[in-house]
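The sequence and structure are shown below.

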Amino acid sequence: MLQTIHDRLKGWLAGVVLGIIGLVFVFWGINWTMSAPNYAAKVNGSEISSNEVRQAYQQQLAQYQRQSNGQIDDAQRNEIKRHVLDQYVNTEAVVTRADSLGYRVSDQDLLAEMSKIPAFQVDGKFDKAHAMAVLRSQGRSIAEIEDLFRRDVKLRQLDEALTLSSFATPSEMKRLRALAEQERQVSWFTVAPAKYIAEATASDADLQAYYDAHKAHYMTPETVDLHYVELSMAQLESKVTVDDAQLKAYYDDQKTKTPERFTQPEQRRVRHILLQVSDPKDDATVKAKAESILKRAQNGEDFSALAKEFSQDPGSAQQGGDLGWSERKAFVGPFADAAFGMKEGEITGPVKTQFGYHILKLDGIQPTNIKTFEQAKADLETEYRRSEAERLFNSAQDELADAALQNTTDIDVVARKAGLTVRDIPVFSRTDGGGELGKPAPVLEAAFSQDVLDGRLSPIVEIEKGRGLVLRATDHKVPQQKPLDAVRTEIVAAWKEQRGTELAAAAANDAVKRLTAGEAWEAVAKSLGATPQPPKFVERSDQAVPLEIRRGAFEAPKPEAKPLYQRLAMTGGDSAVLELIAVREKPDADPRQIDTQLRRQLTQQSASSESQSYALAARAAAKVTLNPQVLD
């Protein structure tokens, strides 16, 4: 959930041209710190968390390694580091600019935004207790979460202001309207390479020429014979034995160290009626209204009905003010003090918080509960097995690392000392990997590192949490050119495909010449064994027409006295012959609807451009201190 919030925080900033920003960095106030502060960067005095940036860098690095089959050098790593840090700095620059311009987010706005998040809802409705539980599970304080939401709303306020200030000029509207309302009448037929492929015959010289031009396609893969030992936490966990005596001792130990784990704090089920104070001048009036409602509730009126009528809490009003079962820490201070100082069935208030005035009713109390050993046993067994497996895994890792350090080239000795079995994957490829390992990026990188290719053992390679390998490579084979005779069948097929595509294109070009000279459309198509599409008017966005046809039709000049013809290269090697017959404006177009759509489109484009320029300006004016060492 937090990652989603962070993605939303970046919003349109992700569209900033990072190359331009890179130039900006050269000329404007960056102080490269020589010490090691506990932040990734400081922007206008606001610190950016080193942990958050480091996590984002690791995610980006892993994604890049997957896309590049693990092939990544130091320059690329440094570029990824710079890119990630830039994104955070640029976002913070705009946030601090928004602060300086006076953008603020009220508590009411904050609550309204949080109530829209699906993760905070139960059965489609905002549930405050559930929301608090979700937030606590993220390992962030309520204050940190509120800050993220406030930043999000603040950035969108700024973005909306830029959008509102954007507009389309009459000349832009006129030009775009003419393009948007236009339709073009076309017909086309395709010339497929298939029959030319079947008829094509290659000479030895043709095959040699093709082979010489495409030698890089006909290389043997770079390979090694890979030998490895594997440590697996999953295997170790399956070997862990446990009995009730061990579990009981573990339960007692954990209950002493972390008693809160086995304690379900007191929970209370509270209903409330919230009256918001939108203007401080209205405080006394709102308080008086709350006191009036309180008296009605205390005099016996249905609290749920009063909540539905008066409460301004969007998350609970329609549930009769019900906030569900909640611990004390789910509520802000004054509200929590009141709720946990009441007797069951009591109605009290008004209680003032930053959200407004509350009237509370206590529906129920669940006292503090301590889990017994039997109640906790199932969870404890799983936890104990995992804990023991982690201990065994860490110990085995240390033993394996020590053995590898003492025997830097002999994996059999290392395996014996660590009590493991050597596994082999012959012909392990740099590009495709092989065997049971597949091609995880860390293994590819380690297996073809210079140290391993020189005969030394790799350090422990973690391919996923709880799974590590030590590698040894033998029989390294560098890519070699395959001789023509060895790949003759492949060369013949590739040459024929290329020749067929060339001949189809030549036939289509010849058809264009014949049509331009005055030959009949149907006759030319028939001579090529093709069937033309019936003439039709098409729009730019007509998905029923191939993209190449639409692009060719709308990029061509307007035909005057006679149709225009052109050859188009199609996906898959086909060639198409396009006939552009006429151009018109849509006969059934609604000018008002079109203008509304076009104005929105132009405004969005303008706003996007202004947003990017604004972000660049904010970044250029910011006082920035970078600490890139946090990513090393």
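Which residues touch the most other members of the largest nonpolar core?

## Nonpolar cores

Val 43, Ile 48, Val 53, Val 84, Leu 85 and Val 89 touch the most other members of the largest nonpolar core, which has 25 residues. A nonpolar core is a set of buried Ala, Val, Leu, Ile, Met, Phe, Trp, Tyr and Cys residues joined through side-chain atoms within 4.5 Å. Buried means under 20% relative accessible area, exposed over 50%, and partly exposed in between (1.4 Å probe, protein chains only). Two or more residues of this core come from each of β2 (41–43), α3 (50–67), α4 (74–100), α7 (142–164), α23 (591–621) and β20 (624–626). The largest contribution is that of α4, with 9 residues. Helices (H or I, at least four residues) and strands (E, at least two) are DSSP runs, numbered from the N terminus.

With neighbours within four places in sequence left aside, Ile 48 is in contact (heavy atoms within 4.5 Å) with Tyr 39, Ala 40, Ala 41, Val 43, Val 53, Tyr 88, Val 89 and Glu 92. A second, separate core comprises 17 residues, among them Leu 437, Val 443, Leu 444 and Phe 448.

Helix α5 (residues 107–115) is mostly covered, with 7 of its 9 residues buried. The buried residues in α5 are Asp 107, Gln 108, Leu 110, Leu 111, Glu 113, Met 114 and Ser 115.

Asp 313 lies in the loop between α14 (303–310) and β10 (322–327). Asp 313 counts as buried because its relative accessibility is 5%. A polar atom of the Asp 313 side chain is 2.9 Å from the backbone nitrogen of Gly 315. Beyond neighbours within four places in sequence, Asp 313 is in contact with Leu 111, His 272, Leu 274 and Leu 323.

## Overall fold and confidence

The chain contains 23 helices and 20 strands, and 42% of its 632 residues count as buried. Of the contacts with a separation of 6 or more, 73% join residues 24 or more positions apart.

The average pLDDT (the predictor's confidence in each residue, from 0 to 100) is 82, and 83% of the residues score at least 70. Over residues 1–36, pLDDT stays under 50; the model has 72 contacts beyond four places in sequence for this segment.

## Basis of the values

The model is predicted: local features need pLDDT of at least 70 and side-chain atom pairs count only at pLDDT 80 or more, whereas totals for chains, interfaces and linings use all residues. Residues are numbered from 1 along each chain as its sequence is written, and side-chain values use heavy atoms, with hydrogens and water left out.

Methods. A polar contact is a pair of N or O atoms within 3.5 Å; within protein, one must be able to donate a hydrogen and the other to accept it, and residues adjacent in sequence count only if both atoms are side-chain atoms.
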